[in-house]
Amino acid sequence: MLRSLQIRNLAIIDELSLDWSTGFHVLTGETGAGKSILIDALGLVIGLRADATLVRSGAEKAEVSAEFSIADCADAAAWLADRDLSEGDDCTIRRVVHAEGRTRAFVNGSAVSATELRELGERLVEIFGQGESRSLLMADAQRRALDESGRYPELLAAVTGAARSVQQIDADIDSLRAAQSRDPAQLDYLRFQLQELDALAMTADELVELDAEHKRLANAGRLISEGDGAQQLLYGGEASIYDQLSRAISALHGLSPLHEGFAEAENLATSAQAQVREAADSLRRLIERLDLDPERLAEVESRLGAIHDLARKHRVRADELVERHAELRKELGGLEDAGTTLARLEALRETALKSYTAAAVALTAARQKAAGALAASVTERVRELGMPNAEFVIAVEATNRDKPTAQGADFVRFDFSANPGQPPRPLAKVASGGELSRISLALQVSLLSDEGAATMIFDEVDAGIGGVTADVVGQQLAALGSHRQVLCVTHLAQVAARGTEHYGIAKSVSGGTTRTGVTRLDRPARVAELSRMLGGDGSSGSTVTLAEELLGRAGL
């Protein structure tokens, strides 16, 4: 739920701060006052496209910040948690648009990409306007709306999983058939490559062992010479450390009776002498095992050279040659046994296709059942919106199940008729803009559930509606507001009177500069604004009486 919104230097808004609560909020004002700018601001914080022309003239950048409570939005909370962006039940989004077109976005203080912001935004806010109503003409949008009403996620998941299985098998079959069609010369070259690697017969740990042995053999002379010198320094040579320690121990032994502290030093020196002797003996045994073997060194270097030459030929690192050998063996084996492999894959495809078909049939049945219930609900609500003879029908038509898709094997189409005696026809062919707005609203009320974004914004979806129908629109939006936070930009007094909160938007000019202000209206101010919307001056007359009546009808 949106809790607060701060705007700076956006179009004709220099600075604005608004707090929001639950329920149905209406925003009204004269044409051009800046109502749409508020919707643009909310669009920015949920990741919609940023246009540099939105930056207020003369300003370097525009900035919009919004604070949301996600206590009632598990989907958004999970998204934040997955990215280590959680801050309890709070979510703060900040979007900055620079005059030169550059934009930046931050979620709980951390920078995010525009794509990430859209992913989060669609979990927090849904915006419905004339453009969104037009989206109802798209087949994908119609199918998604039906599936949302049916609430059968397990069936959708089963169809998606089965379709992906068939698609993967199809990809494997296509790959195998493409390989079978390769030039015979390419196949011969593959066999030649494999023969070279077979002849090399490199083992998994061989390279590490050869490198260690080469290092040892190549440096054997130095190891023996310098190792023997170190052994002589420790023990056996002139003035060796062992002999020097012996003299020190003897001196300390003579001093120990005179002072007890010298006894401890003697013991430590004796222990050091023993370790020196042990180190010298260890060096001697190691040097005795070392051997200068030029022939073995040549063998190792030759073997390493062969490995590295073949690795370069295959364009892999030397330590990847064993893996490359296995890949080529598998590739050749698959090609030589392509017939058997292809038959196995085709059998797997048949089984997978049966699974997909069964899942798709179950989904079709569920969609058809949901289509009847949703169509009846939308028809009832559209008739309440001033079209008493309207009929809304949802057709679910089966398509080719031999080409699985993640959406199933159905084509979903919304059909509509506004007039008696006229059969329903595809929505895209018969519905006007005003009718689409009403159908969109009726559909949203019918789809009402605890799922989805907690904040819904309606931008003049009541266009083309008036009279008694406008009051019904207000009632339906208020019904949405009892479950979700609803913000609505409207020109209809009947709709505005139903709001639990009413914001007045006004434009002013001072010092040659245009500014937009937003005020939360108390009851007297609401009466005046509703009177203006009804054609009055807001101070007296029948429009004031009607405004009072509208608020009274709404229980306000």
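Which residue in S14 is the bridge partner of His25? The legends below refer to a predicted model, and the first of them takes up this pairing.

**View 1. Strand S3 beside strand S14.** Strand S3 (residues 24-29) pairs with strand S14 (residues 501-510) in the parallel sense, and the pairing runs over five bridges. The bridge partner of His25 in S14 is Glu501.

**View 2. Strand S3 beside strand S13.** With strand S13 (residues 485-489), S3 likewise pairs in the parallel sense, here over four bridges. Within this pairing, Leu27 has Val489 of S13 as its bridge partner.

**View 3. The two faces of strand S3.** Strand S3 is mostly covered, six of its six residues being buried. Phe24, Val26 and Thr28 lie on one side of the strand and His25, Leu27 and Gly29 on the other, and both faces are covered.

**View 4. The crossing of helices H8 and H12.** The axes of helix H8 (residues 206-218) and helix H12 (residues 294-313) come within 10 Å and cross at roughly 140°. H8 and H12 are therefore oblique to each other, and their crossing is left-handed.

**View 5. Residues in the contact between H8 and H12.** On the H8 side, the contact is made by Glu206, Leu207, Leu210, Asp211, Glu213, His214, Leu217 and Ala218, while H12 contributes Arg296, Leu297, Val300, Glu301, Arg303, Leu304, Ile307 and His308. Sorted by class, the contact of H8 with H12 holds eight nonpolar, two polar and six charged residues.

Terms used
Residues are numbered from 1 along each chain as its sequence is written. This is a predicted model: local features need pLDDT of at least 70, side-chain atom pairs count only at pLDDT 80 or more; totals for chains, interfaces and linings use all residues. Side-chain values use heavy atoms; hydrogens and water are left out. Axes are lines fitted to C-alpha atoms, for helices over the stretch in contact, and angles run from 0 to 180 degrees between N-to-C directions. Angles under 35 degrees count as roughly parallel, over 145 as roughly antiparallel, 65 to 115 as roughly perpendicular and the rest as oblique. A crossing is left-handed if the near helix is turned anticlockwise from the far one by less than a right angle, and right-handed if clockwise. Contact means heavy atoms within 4.5 Å. Ala, Val, Leu, Ile, Met, Phe, Trp, Tyr, Cys and Pro count as nonpolar, Asp, Glu, Lys and Arg as charged, and the others, Gly among them, as polar. Buried means under 20% relative accessible area, exposed over 50%, partly exposed in between (1.4 Å probe, protein chains only). Two strands pair if DSSP finds at least two bridges between them.
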